[in-house]
Amino acid sequence: MNNYLLKHLQELESESIFIIREVFAQFENPAILFSGGKDSIVITHLAKKAFWPAKIPFPLVHIDTGHNFPETITYRNWLVNQLGANLIVGFVQNTIDAGKVKEETGLNASRNVLQTTTLLDTINENKFDSCMGGARRDEEKARAKERIFSHRDEFGQWNPKNQRPELWNLFNGKKLTDEHFRVFPISNWTEMDIWQYILFENITLPTLYFSHQRQVFERNGSLLSVSPYVTLRAGEVAENKTIRYRTCGDITITGAIESTASTVQEIILELAASRLTERGNREDDKRSETSMEDRKKEGYF
Amino acid sequence: MYLNMEILRFTTAGSVDDGKSTLIGRLLFDSKSIFLDQLEAISKISNRKGLNQIDLSLLTDGLKDEREQGITIDVAYRYFATPKRKFIIADTPGHIQYTRNMVTGASTANVALILIDARKGVIEQTFRHSFIASLLQIPHLVVCVNKMDLVNYNENTFNEIVNTYKNFASKLDVKDISFIPISALMGDNVVNRSNNMDWYQGATLMHTLENMHIGSDQNHLDPRFAVQTVIRPHTEQYHDYRAYAGRIDGGVFRKDEEVLVMPSGLKSKIKAIYYGDVEIEVAFPPMSVSITLNDDIDISRGDMIVKPNNQPNSTQDIEVMFCWLNQNQLNMSGKYLLKHTTNQVKAIFKEIIYKIDISTVSRNETDKQIGTNDIFRAKIRTTKPLQFDPYRRNRNTGSLILIDETTNETIAAGMIV
């Protein structure tokens, strides 16, 4: 008698594929929000499996702040070419130039918050009725409360007090014309699950995740990369260090960790021993305790 | 690294003072799952609030309002893993006005943790949460008698509570109940064995969760495959390729087996089953697969593929146990959207048979007013027949939701009788 039990990665994979297929079936014009980070890369990989041997039936949408790591853009272009996927880019610079948002100034300026406006504009212009993102519930406390199918109003805003009950595998994607849904197929995956999956499936990632030499400087306890978008203060010294990135946001706000891990296996071992949360090094989350919750209410990812 | 694991989903239900959030915090803390900076963050808050000990409940209360009021408003999902298992916790509120959230968190759970404050014993809330767990057919219940430190770790107190609960539980449809005396605050019997309760010879909570047999929780007897979408590449290489994509909802499917499509009644044989891009021999729940058939027949989303000698019920008149989730009252002349597997139909209520009085677990056949959080049995009629099994037999093909067409809200959860 066979043992009809799935191992956890297969169960997670099956659940995610189910969700992605539901999006395809329930919505007219879905999109995958693609940042070039490992979570959105895994989503894209899952979407490919979900519709095999057909192509992924959604475009990849990248909100380009203009402050990316160059490696992220290189990787994005490579992947899009590989998959024969349709790429749509929303440029935050355009939103700034149109006068819709103001560039932050000051020493800790970043374009992170500005992304929301560009994101909402891109959604409206392309009339996307649903956007799939790689957010996971274990990442941050506001995300722990998210539904898998998360309803957004006509302003793109998230109201945590009014999210629909989500029961069994029955996802209610009903909405009014101007509203849209954010869908999170990897909600139940942890950071460790993601890396194990990357290992098993032999998924190629941007080089940023692996150990390399970089000119970095210390600010607010984080190691930030030297780049054209950041000005060093008096007292801040740029040094060459052997580092890698655990999470990949903008180059202006993502902190590196000192590490020699250069393969996925080594990263997994490092992760298992790690005592800091994945996003603990994100300056955008440190702005306030409710930083993520506030941004989501405005319409952020 | 922990590659041979299964997933166990459990819910925690208990009132605001029962220490549920502290219990979860304790599970995460003692299993060393809490990262250093999360611990630093809650230490800071605990100090700011003037607390002497780290308030572990702060680990799970996430939203601004909740943190201010110190209660849980919505369902929060927490994750941790031991070398044996990956765990998903659905932490749900205890207040009666948040029944809808408990039902949400509980619907896919393998286990329900029912928390009882040892000083208070079994209360109305205990009955309500246990009843809901049994209604949703959560296969295993673990009753944790908490705050044993506040009753001097007294064995009699524990036994009295267990007996009261067992009397109540005899009316419930639950197959497996365990009882554990714990102190979430002090850590007794949560992950580590208690030094204060030698009279308790059973397992700790963590040991129970790690070793619980969940292999039989899915239905492996009745083959059910609800079609989500049809995959048609339309490319040179795959010109006539047509596969039916979905999740196995029950039973086992094998290559070359004869199948029946419902509701059309057409038959064919399975040509191939794919998991991703890999062909496989056998498929079982909850695998997401795509299936190709020998014959070119008309199948679309909402259809169900089964075996000819094992068919689900197929009718428009259905009896359902509902939990009403919406603020507005049920309108007997209302038309509702109904979602069942991958099908969507309209439904009307024909009759309310009875409401359940949860505290006594008895039927009220006279009061037919249905409002928020009410649990009741009703007859409905759908515009097209549904292919279903009783919920007791299969949670996937026996569950449904009702949607209000004007507000788009999910207003009721239904379990087919």
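Pro263(B) is found in the loop between strand S10 (258-262) and strand S11 (267-275) of chain B, where helices (H or I, at least four residues) and strands (E, at least two) are DSSP runs, numbered from the N terminus. A cis peptide bond with omega of about 10° joins Met262(B) and Pro263(B). This is a predicted model, in which local features need pLDDT of at least 70 and side-chain atom pairs count only at pLDDT 80 or more, while totals for chains, interfaces and linings use all residues. Residues are numbered from 1 along each chain as its sequence is written, and chains are lettered from A and ligands numbered from 1 in the order in which they are written.

**Backbone features of chain B**

- The peptide bond from Pro285(B) to Pro286(B) is also cis, with omega near 0°, and Pro286(B) lies in the loop between strand S13 (282-283) and strand S14 (288-293) of chain B.
- Gln137(B), in the loop between H5 and S5 of chain B, has a phi near 60°, a positive value in a residue other than glycine.
- Most residues other than glycine have a negative phi, and most peptide bonds are trans.

**Sheet of chain B**

- Six strands of chain B form an open sheet of mixed pairing in the order S2-S3-S1-S4-S5-S6; two strands pair if DSSP finds at least two bridges between them.
- Strand S2 (76-81) and strand S6 (176-181) of chain B are at the edges with a single partner strand each, so one side of each has no neighbour in the sheet.
- Neighbouring strands of this sheet are turned by 25° against each other on average, direction ignored; axes are lines fitted to C-alpha atoms, for helices over the stretch in contact, and angles run from 0 to 180 degrees between N-to-C directions.
- Strand S4 (residues 111-117) and strand S5 (residues 140-146) of chain B run parallel and are joined by seven bridges, and Ile114(B) stands opposite Val143(B) in S5(B).
- Helix H4 (residues 99-106) of chain B packs on the sheet and touches strand S1 (6-13), strand S3 (85-91) and S4 of chain B, with its direction at about 165° to that of S1(B); residues are in contact if their C-beta atoms, placed from the backbone, lie within 7 Å.

**Domains of chain B**

- Chain B is assigned domain 1 (6-211), domain 2 (224-306) and domain 3 (313-416), with bounds that come from an automatic or database domain assignment.
- The contact takes eleven residues from domain 1 of chain B and 13 residues from domain 3 of chain B.
- On the side of domain 1 of chain B that touches domain 3 of chain B, H4 and helix H5 (124-135) of chain B each supply at least two residues, and H5(B) gives the most, with five residues.
- That side of domain 1 of chain B divides into five nonpolar, two polar and four charged residues; Ala, Val, Leu, Ile, Met, Phe, Trp, Tyr, Cys and Pro count as nonpolar, Asp, Glu, Lys and Arg as charged, and the others, Gly among them, as polar.

**Contact between the chains**

- Chain B contributes 57 residues to the contact and chain A contributes 48 residues.
- S2(B) provides the largest share of the side of chain B that touches chain A, namely four residues.
- By class, this side of chain B has 27 nonpolar, 16 polar and 14 charged residues.

**Sheet of chain A**

- The open sheet of six strands in chain A has mixed pairing and the order S3-S2-S1-S4-S6-S5.
- Strand S3 (87-91) and strand S5 (149-152) of chain A stand at the edges, each with a single partner strand, so one side of each lacks a neighbour in the sheet.
- The twist averages 30° from one strand to the next.
- Strand S1 (residues 30-33) and strand S4 (residues 130-132) of chain A run parallel with three bridges, and Ser130(A) is the bridge partner of Pro30(A).
- Helix H1 (residues 8-26) of chain A lies across S1, S4 and strand S6 (180-183) of chain A, at about 160° to S4(A).

**Helix packing in chain A**

- The axes of H6(A) and helix H7 (residues 264-273) of chain A come within 10 Å and cross at roughly 160°.
- H6(A) and H7(A) are therefore roughly antiparallel to each other, a term for angles over 145 degrees, with those under 35 counted as roughly parallel, 65 to 115 as roughly perpendicular and the rest as oblique.
- By class, the contact of H6(A) with H7(A) has eight nonpolar, two polar and one charged residues.
- Helix H2 (residues 38-51) and helix H6 (residues 191-201) of chain A pack at an angle of about 50°, with axes 11 Å apart.

Technical notes: Contact = placed C-beta atoms within 7 Å.
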